[in-house]
Structures are given as C-alpha cells and as structure tokens.
Amino acid sequence: MLDLEAIDQLRKVLQKLKFKVLTIFLIVVFGIVISSVKPAQTQEPVTLNLLMTAPDAEPWKNGIVKDFEVKNPGIRIKIIEGPNATDLLENMYTSAFILGDSPYDLINMDVIWTPKFAAAGWLLDLTDKITKDELAAFSQKDVEGRRYKGKLYAVPMRSDVGMLYYRKDLLKEAGFNPPESFDDLIKISEALKDKSKDRWGYVWQGKQYEGLAAMFVEVLEGFGGYWVNPETLEVGLDKPETLQAIEFLKNTIETEISPDGVTTYQEEETRRIFQNGNSVFLRNWPYVWPLATQESSPIDGKIAIKPMVHNKNGSSGACLGGWALGISKSTKHPEEAWKAIQYFTSEEAQRKFILEAGFVPSRRSLFTDPQIVAKYPHYPELLKVVDKAVLRPPIAQYAQASDILQRYLSAALTNRITPEAAMKNAASETRQLLGR
C-alpha cells in the first residue's frame with residue numbers, strides 16, 4: 001500500500017497534469033474558435049457580373065457602381081463591356097444562357113428582350129420583391145414593358161422613347177403652330193422644304209433594321225392600327241390602318257418631303273441631317289437633344305420636341321425603348337443582386353446617373369426634379385412624350401416577328417412589292433409564327 005506521503009505526492013502530480021490538460025484543452029478550443037471566426041472576417045466580397053455595351057459602361061463605373069460599393073463593402077460589381085450593337089449584346093446573353101450556368105448575375109435588358117428571356121426561364125420572378133406603390137413611382141409603360149404574362153422580371157433603370165423634333169424658329173417665322181396630325185406635318189414640310197438651301201421637310205429611319213420597326217409602331221399607332229395584340233395574338237398588319245401608315249411614309253418620299261435615301265437611313269444619318277440644319281422635322285430618340293443643342297451646333301436654341309402626330313382615329317405614339325435590370329436564374333447571389341437593383345433604380349442613384357450621363361429617367365419625379373431641369377430644361381416636355389409610350393409587341397417570338405415586319409415593310413417602301421401584297425404576306429407569316 002502507498003503511504004500517506006506517496007499519496008500526497010501523487011495528488012500534486014495529478015493536479016499539475018490536470019492544469020496542463022485544462023490549459024491544452026482551452027488552447028485547442030480557442031484555436032478552433034479563432035479558425036472559425038477568421039474566414040468570416042477575411043471572406044472575399046461577393047462579385048456580381050453585369051454585361052453592357054462599352055459606351056454605357058463608363059458612366060456606370062465612375063458613378064453609381066462606386067457609390068454602391070462604398071455603401072455595400074461586401075458586394076462588388078464587375079462590369080463586362082460587350083459590343084456596342086444591342087443585337088450582338090443580346091446574342092451574348094442568349095448564348096450564355098443556352099450553354100447553361102450563365103456567368104452574368106445582373107441582366108441589363110433592352111425592353112424588347114424581356115418576353116424572350118422570361119419565356120425561356122432565364123430570369124428570376126421579381127413580382128413579390130417590390131410593392132405596387134413602389135412600382136407606381138416609375139413610368140407606367142416602363143413597368144409594363146418589364147412584365148411577361150402578368151409577372152415582373154425586371155425593374156426599369158432608364159427610359160427611352162421616340163419623338164418628333166422640329167425647328168421652332170422656322171415654324172414661328174412662317175406662322176405655323178407645331179403639327180398635330182399627319183396632314184399638318186405634310187403641309188408644313190411642303191411649305192418649308194427648300195432645295196436651294198438643301199433643306200428637307202421630314203427625315204426618319206427607313207433602313208431594314210430594328211429601328212424601322214420602332215419608327216413604324218409610332219406611325220401605326222397614329223393611324224389607329226396595331227401590329228400584334230399580345231393578349232389575343234391577333235395580327236393587324238393586313239388591316240386598312242396599316243396600309244394607311246405605309247401610304248403616309250411612301251408619300252413623304254414621293255412628294256420629296258423626305259429624301260430618296262431615307263430608306264437607307266438609321267438614327268445617326270437622320271440626326272446629322274437635322275443637326276446640320278437640313279431638315280425641318282426629325283423622328284428620333286432623346287439622345288439627339290444634347291448633341292443638337294451644344295454650342296457648336298447650327299440649330300442650338302432653335303429646336304423643340306413633341307409626341308408623334310396622329311390622325312383623328314389614332315393617338316400619339318412614342319415607341320418605348322430603355323433598359324431595365326433583372327436577375328439571372330442561375331445566379332448564386334440572388335439577394336445581393338436584388339440589393340444592387342434596389343440601389344441602382346433608387347431615386348438617389350438615378351438622379352446622379354441622369355445628371356452625369358444625360359439618360360432619360362424611369363422615375364416620373366425626376367423629370368421635374370429641380371436639379372435635373374436646371375441642366376435639362378426640356379425634361380418636363382419629355383415627360384409628355386413618355387406618357388404617350390407604346391410597346392412593341394411583348395411576345396416571346398418578338399425577334400422573329402420584327403424580322404418579318406422589317407423585310408416586308410422595307411420591300412413596300414422601296415417599291416419592290418405593293419404595300420397590300422407585302423402586308424398580306426407579313427400578316428400570314430406572323431400568324432404562322434404565333435400558331436394562329
């Protein structure tokens with residue numbers, strides 16, 4: 001048996017061992033805690049990829065993206081610069097989605113892409129993420145253009161609409177009020193065109209491309225016609241109103257109100273003619289205003305804008321363009337993507353974006369915002385145009401439907417086929433496309 005002294009010695013040894021074990025245990029536990037906390041403290045920020053055209057990228061990078069990252073240090077926005085042509089940009093998005101697991105988290109969409117992307121199942125449904133009251137702050141048509149089958153798939157970032165520019169100085173000198181009807185437009189154009197001064201009456205986009213379809217929906221609206229009813233998929237291209245719209249456009253060429261070459265013009269050709277003082281009227285987009293009113297412009301201070309004219313059976317139509325932000329269904333960061341959309345489409349961010357980049361706001365309040373009006377005094381008038389916005393058909397097969405219209409409309413305008421035959425064929429092919 002152990003004597004008392006030996007037992008006491010053993011007790012002291014065990015106490016020392018117990019202390020050492022406890023110390024080692026605490027060190028191990030502390031190490032585990034530290035190792036579990038450390039990654040959270042040094043975790044890399046979430047990166048959201050966003051594809052857009054190169055010209056659009058610059059104002060984003062140097063403005064609202066920096067602001068967002070300061071307010072949200074855990075999120076980074078990576079702008080990927082794509083081609084300038086929007087159809088090529090759409091092809092990049094489409095290819096990425098078809099291949100699966102798209103690298104893009106935020107989707108910057110032209111209004112005509114929304115139905116296609118939504119129908120293909122490439123976008124998250126945002127309907128429940130934003131209230132009706134919050135949506136009411138945006139232009140109504142801008143919101144409508146981001147819906148598909150009643151669900152919201154994107155939030156408007158900036159608007160864009162077609163409109164009628166005119167030389168207010170020439171109209172005033174000749175005693176004319178701004179035109180309200182197609183007859184007014186022809187009458188004033190006839191009176192003010194001047195071959196000796198190389199001045200046309202009216203220029204518009206007549207080349208076979210998407211701009212032709214955008215221009216035509218405005219004239220079609222003005223005559224009371226329609227292209228495709230998205231609710232019923234009824235096609236109106238072979239209706240009398242469509243033929244009247246084509247007759248008006250052809251008449252501008254035949255009476256030499258518009259140049260023969262107008263059927264080859266896109267936006268920039270028409271903008272240059274108007275800005276050089278060689279046309280009384282111009283159909284184009286808001287981007288023309290800051291260019292035409294710069295100090296070096298021959299028509300600075302001489303122009304005004306209004307919605308497109310119409311006849312008694314139609315109404316003014318301003319083709320809706322513009323861009324909105326959606327979320328890729330394949331993103332691994334949906335909550336961070338939604339936080340980014342909330343900021344980029346906020347009044348604060350949009351105000352700064354508009355002031356720095358000169359785009360058209362999607363929030364109605366900004367059209368009359370004192371800061372913005374001080375820099376862009378025509379924005380209250382621009383709001384009147386936005387309120388006349390019309391959508392190109394929000395259907396999943398829009399790209400194919402537009403191609404059909406472009407081909408046959410161009411053929412009719414260049415006298416390769418009669419308008420009646422052209423629109424009969426266009427209507428037939430469109431109905432076949434839509435399964436009608």
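Trp 323 counts as buried in this predicted model, at 9% relative accessibility, where buried means under 20% relative accessible area, exposed over 50% and partly exposed in between (1.4 Å probe, protein chains only). Residues are numbered from 1 along each chain as its sequence is written. Because the model is predicted, local features need pLDDT of at least 70 and side-chain atom pairs count only at pLDDT 80 or more, while totals for chains, interfaces and linings use all residues, and side-chain values use heavy atoms, with hydrogens and water left out.

A search of the whole structure finds 23 aromatic pairs; rings of Phe, Tyr and Trp (its six-membered ring) pair if their centres lie within 6.5 Å, and planes under 30 degrees apart count as stacked, over 60 as edge-to-face and the rest as tilted. Trp 113 is buried, with a relative accessible area of 2%. Ring pairs also join Trp 113 and Trp 323 with Tyr 93, Phe 97, Tyr 104, Phe 117 and Trp 122 in a cluster.

The charged end of Arg 158 sits over the ring of Phe 359, 3.8 Å from its centre, and that of Arg 283 sits over the ring of Trp 285, 4.7 Å from its centre; this description requires NZ of Lys or CZ of Arg within 6 Å of the ring centre and within 35 degrees of the ring normal.

Most residues other than glycine have a negative phi. Asp 101, however, has a positive phi near 55 degrees, and this residue is found in the loop between α3 (86-99) and β3, where Asp 101 counts as exposed at 54% relative accessibility. Asn 415, which is not a glycine either, has a positive phi of about 65 degrees. The position of Asn 415 is in the loop between α17 (398-413) and α18 (419-433), and at 57% relative accessibility this residue counts as exposed.

Notes: Helices (H or I, at least four residues) and strands (E, at least two) are DSSP runs, numbered from the N terminus.
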